[in-house]
Amino acid sequence: MGFSTLDYIVFGIYCLVIIGLGLWVSKPKKGQEKTANEYFLAGNSLTWWAVGASLIAANISAEHFIAMSGSGYAIGLAIAAYEWLAAVTLIVVAKYFLPIFLEKKIYTMPQFINQRFNRSVSSFFAIFWLLVYVFVNLTSVSYLGALALENIIGVPLIYGIVGLLVFSGIYSIYGGMSSVAWTDVIQVVFLVIGGLFTTFLALDAVGAGSVIDGFGVIFDKTSHHFHMVIARGSSMVPDGSGGFKDTFNDLPGVAVIFGAMWLTNLGYWGFNQYIIQKGLAAKSINEAKKGLIFAGYLKIIVPLLVVIPGITAYVLVNHFTPEELSVIIGKPVEAIGIIGKSDEAYPWLLKNFVPTGIRGLAFAALAAAIVSSLASMINSTSTIFTMDIYKEFFNKEASNKKLVLVGRMAAVVALVIAISVAPMLSNLDQVFQYIQEYTGFIYPGVVVVFAMGLFWKQMTSKAALWTTIITIPIGIIIKLSMPEIPFIMRMGYVFMILCTVASVISFLDKGIKVKSPAADSDVQKLSIKSSYILMALGILCLIAGAIFSISLSHLGVESILMMGVLLLMLGIIFYTNFKIDIEDPKALKVENAKTLFTTNVGFNVGAIGIIVIVVFLYGVFW
């Protein structure tokens, strides 16, 4: 990449600031030991801006700067659906999910499942998340980060993997959540400023000195890369093995709007430990809610940082000759290099378009994205293992000192495993899609169990256990028997099956039931009316899906069947919660529900703003 002395100084300052701040903010007071709450939840000290910044820093990682940019190169703006729909999802999480978790004062998501159902179900989920964090998240993020180091400054892949994991582990293992969250605030500053520099410089080069003209050029030369809804057969992308596949398989038409992408977002933002843990560490419920709205606005601008650069790289490589590129960049043709795989697009831009003096800042942004996510994953892995495995099964009376020690040891083991597995991802193209597909085997079951556990009084432990057990096998069976089905639509079919199974088992379960407490008459009337509307909408969606699924299959319209099942299930939950006078003995009891779910004017205005912006963007780029 040709780092200058100034670049090394800038990047060195970034490293020193992050490690120094991480160690300083987590330093215990003299003579006092760090408690489990301080280590795993930062002593519930996070302000709204720290919550929002930490959420985004944990979320935006190498899978965005490298893999999502790679998908932008291969697919186009449609990959931004993950970001823009996530912004809307954060509103739902802030209003309905997070307040309950904070009221119950939990450390982990499996701990909530244990409270609502039983230890068997919570243990399944604890193991689920540990496997995902170690074998999917830690490995993919460290691999993509190391790939960037290799392409940009020539660091061998294995050294990059080890270096990134060790760097992120230094302060996160020592300081816990305090170190992770407060350094994330600085990481986001580097991430956004450095990311914008790369975007603007690349567009400026394409536009011959004008960023606005650069947007016009990339839109004119590759307008098909700016469609949010992709029809079957409209475009092809590399399949990672030397061939090509239909883009529809990654982003199947309107299924991203009406289908299982909502499951991915709800599962990730609502029930994913290393994300929701930032909200659990907030000072108060109101601070947590404001933090998630702040994060929602940050999510809206993420495609500008990562997807637009990928599209710009596609235009530069495919619509300019090597000689023209040489003139634009000011380098000999042989020094420009090529993009062999989609995920090499962003490093290629850094190498060729970011000038000396700015490269250190741009590289610090990439490093910030990688390190902040790894640190969050490490902390959450240690939290789940310590609180849901070690404390539950090995030492119920463990002291704070012991819990912190075990958490640090668990984090070290996770690092060692990730270092061993990460190099195996080197033969994949578009690793972002790999991440989404394989976490997609889990999210349908996660959403069904957690959402029903939160809001449905009839959901039983037996139903939750069987739903958890069959989630992955059903996904595998559908994948093997119908491999042509896009994974987003496969998730929808799994969700429909799981909703049916959970409902039938819950209704047929002859276990102990208790009498439901008397409900407020106004709330009961409103809920019953709402249930009729939801069930009617659900039935209409099912009818529409049955009628148009075949004729409009090229647009993925059958995904509306999943939306129909979701609405129908919500209607059943609203109806049975008040019409059936008995309930599961561990059904959730929420104190002062009206107050808990109430949001102030600022929250409501912020939420409406997010929805309006997302609808506008979809309208412009449909």
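1. Glu392 and Arg119 form a salt bridge through their side chains, with an N to O distance of 2.9 Å; a salt bridge here is a side-chain nitrogen of Lys or Arg within 4 Å of a carboxyl oxygen of Asp or Glu. Because Glu392 lies in helix α18 (residues 359-393) and Arg119 in helix α7 (residues 119-153), the pair ties together parts that are 273 residues apart in sequence. Helices are DSSP runs of H or I with at least four residues, numbered from the N terminus.

2. On provenance, this is a predicted model, in which local features need pLDDT of at least 70 and side-chain atom pairs count only at pLDDT 80 or more, while totals for chains, interfaces and linings use all residues. Residues are numbered from 1 along each chain as its sequence is written, and side-chain values use heavy atoms, with hydrogens and water left out.

3. The whole structure contains 9 salt bridges, among them one between Lys290 and Glu287 at 3.3 Å, N to O. Another links Glu583 and Lys589 at 3.1 Å, N to O, where Glu583 is buried at 1% relative accessible area, whereas Lys589 is partly exposed at 37%. Through shared partners, salt bridges also join Arg119, Glu392 and Lys396 into one network.

4. Val93, in helix α5 (residues 81-103), is buried with a relative accessible area of 0%. Leaving out residues up to four places away in sequence, Val93 touches Leu98, Pro99, Trp269, Gly270, Ile276 and Leu292, a contact being heavy atoms within 4.5 Å.

5. Gln277 belongs to helix α13 (residues 273-280) and is likewise buried, at 0% relative accessibility. Beyond its neighbours within four places in sequence, the contacts of Gln277 are Phe40, Leu41, Met177, Asn379, Ser380 and Thr383.

6. Ile533, in helix α24 (residues 521-548), counts as exposed at 53% relative accessibility.

7. The structure holds 0 disulfides, a disulfide being a pair of cysteine sulfur atoms within 2.5 Å. The sulfur of Cys541 is 14 Å from the closest cysteine sulfur, that of Cys499, which is too far for a bond.

Methods: Helices (H or I, at least four residues) and strands (E, at least two) are DSSP runs, numbered from the N terminus. Buried means under 20% relative accessible area, exposed over 50%, partly exposed in between (1.4 Å probe, protein chains only).
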